[in-house]
2 protein chains.
Amino acid sequence: MRALGWNDGELLILDQTRLPLEERWLHCRTVEEVAEAIEGMRVRGAPAIGVAAAFGVVLGAQRAVEQGRRISAAVGEAVARLAATRPTAVNLFWALSRMEKVAEVAGEGREAAARLEREAEALMREDEQVNRRIGRWGAELIPQRARILTHCNTGALATAAYGTALGVIRAAREEGKEVEVWVDETRPFFQGARLTAYELVQEGIKGTIITDSTAAALMAKGWVDLVIVGADRVAANGDVANKIGTYGLAIAARYHGIPFYVAAPTSTFDGSLADGRAIPIEERNPNEVLQVAGVRMAPPGASALHLAFDVTPHSLIDALITEKGVLRPPLPDAVQGLLRGET
Amino acid sequence: MRALGWNDGELLILDQTRLPLEERWLHCRTVEEVAEAIEGMRVRGAPAIGVAAAFGVVLGAQRAVEQGRRISAAVGEAVARLAATRPTAVNLFWALSRMEKVAEVAGEGREAAARLEREAEALMREDEQVNRRIGRWGAELIPQRARILTHCNTGALATAAYGTALGVIRAAREEGKEVEVWVDETRPFFQGARLTAYELVQEGIKGTIITDSTAAALMAKGWVDLVIVGADRVAANGDVANKIGTYGLAIAARYHGIPFYVAAPTSTFDGSLADGRAIPIEERNPNEVLQVAGVRMAPPGASALHLAFDVTPHSLIDALITEKGVLRPPLPDAVQGLLRGET
């Protein structure tokens, strides 16, 4: 399963707002089309956003070549537009920065555009390799039989392929472990009920969807062996921004003595931010909460707050699983070591 | 605002599955119609279910009189049918038991049916009085300015009138306190987004709807001064069964040092159960999770678990607000005192 495809100057984006009932591919040929797909959450998930944005830069460069414009200017415009789409996931800025660095040395013309295209393709390929390594490291933390609770979608659809937290579940299954998954439906976009459940059905892994607020009750019953989630940004001390609801899960897991793991590539780490309080949290349109499946739920005159992410302090996290290994508490030291390249 | 009306041998039920966008009244003239309205959550909320069931018994008795059947047999059948509708809220069984006791001494014929009718009317009237007393006691716990988080709907729509937890918020407002409410949308039925938000808009109280999993993030920001919820059953030690999600809220409130209050009439207390583990928890149709507003969210082949309630241990509850006063920890002792009539 893939969320993105690159096909001869066209970025194919599987429209995740339509899944699982419809498989509709968007054909993006401009920076603006890619930017709007990211804003509209047609492609989502920190690593997938990064990959999509990289190809958005390529499209900007290719259109510039066609139109006889300078690539360097076009890349600058593309980066500015794409960087303004969503603020929380740092993979977006990481990928744009990587493309900018290549653009700086690539020069102008068709060959420069081709070099940018190769960089984006490398970035996409690497993401899958990175995820498979995360999966292998993470699978070591999964018992032979495990009932795993996860939130949002962190699978193939959230990445170039394979997934982060869901990649760990995939890897555990590939190693012959008996895994069952509690799938938080993940309001307001239902990424769990729509996307994670879809991936699990396709993989033949047993999954059971629950409303987000059911998780704590299952923990109390002893039906959850561990929690594993992804991340949109990890601060220098190990604090994690992730899909809204992650923080409450981490509190509940700690209250019940259940391990709480975060799986994320090093491209999700942001050493420039001392702690999670500095991570910008996206506030989205309240209508995305007030309306469900196109139907208004709330009465006229009602208002809503739509925070897309929350921050989980490192003190509630039992392990950060990266492609370079598993970081254990004290996480501030472990993350510093990772950022210095010691892991 | 009223959820129920009694009009000349007919129980009027405001269909809460249609609110807030449509005000549709069901006209129930048989036990079966009332039972199906309770099962289908067209009337919901522990006290409102109790009142509706009491009138269901009256309808059974009235139909028996019309058909020349014995009231005692009809009441027995009505109680059996209504008791099988929903297992968790004890007010249902409390109300049915009260009606049965009256039936035992009322004899047969038109006057006996009238006596049952007067009992149900008294029960409805008392529920409003009880709620207003809960409101007054509870308002003492609310600071002059308070941002209050609540879950599900515990207002006029969940009771005969006024409400329990929402009644406390109403009473605080009536006393001139400045209250703002964070309204958990309350999946899967959106009682918060649909019903609580509706009552708040009508009262002119500021309310903001959030997805259920947003609550902990708001607590971390310092934006929640207290949490107040209702109850479907309180065990002898003070453990509380309430709408799914309550338990996770209580854990998060404790983690942040935020007071967590439960408002419930004494009719919600069940002295026969030693603790919350003995409270039967309703498991409802998974399709109520898999479909939203008539639209299937999950992929073919996906399954769900739909627990309608969870249990919050008394250790996480800072006060139980009843019509007889506020119970404080240690709650097992306080509840025992209440049940012995010492409060």
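Let me begin with a term: a residue is called buried when its relative accessible area is under 20%, exposed when that area is over 50%, and partly exposed in between, using a 1.4 Å probe and protein chains only. By that rule Cys28(B), with a relative accessible area of 3%, is buried, and Cys152(A), at 8% relative accessibility, also counts as buried. Over all chains the structure holds zero disulfides, a disulfide being a pair of cysteine sulfur atoms within 2.5 Å.

Please keep in mind that this is a predicted model, in which local features need pLDDT of at least 70 and side-chain atom pairs count only at pLDDT 80 or more, while totals for chains, interfaces and linings use all residues. Residues are numbered from 1 along each chain as its sequence is written, chains are lettered from A and ligands numbered from 1 in the order in which they are written, and side-chain values use heavy atoms, with hydrogens and water left out.

How are the two copies related? Chain B is superposed on chain A by a rotation of 180 degrees with 0.0 Å of shift along its axis, at an RMSD of 0.0 Å, which is the relation of a two-fold axis; the superposition is by least squares on the C-alpha atoms of residues with pLDDT of at least 70 in both. Of the interface residues of chain B, 100% are also interface residues in chain A, so the copies meet through the same surface, where contact means heavy atoms within 4.5 Å.

Strand S5 of chain A, residues 178-184, runs parallel to S6(A) and is joined to it by five bridges, two strands being paired if DSSP finds at least two bridges between them. Within that pairing, Trp182(A) has Thr208(A) as its bridge partner. On the other chain, strand S14 of chain B, residues 303-304, is joined to S6(A) by two bridges, again in parallel, and there Thr208(A) has Ser303(B) as its bridge partner.

Finally, helix H9 of chain B, residues 246-256, has several buried residues, among them Tyr247(B), Leu249(B) and Ile251(B). After H9(B) comes Gly257(B), with a positive phi near 70 degrees.

Note on methods. Helix = DSSP H or I, 4+ residues; strand = E, 2+ residues; numbered from the N terminus.
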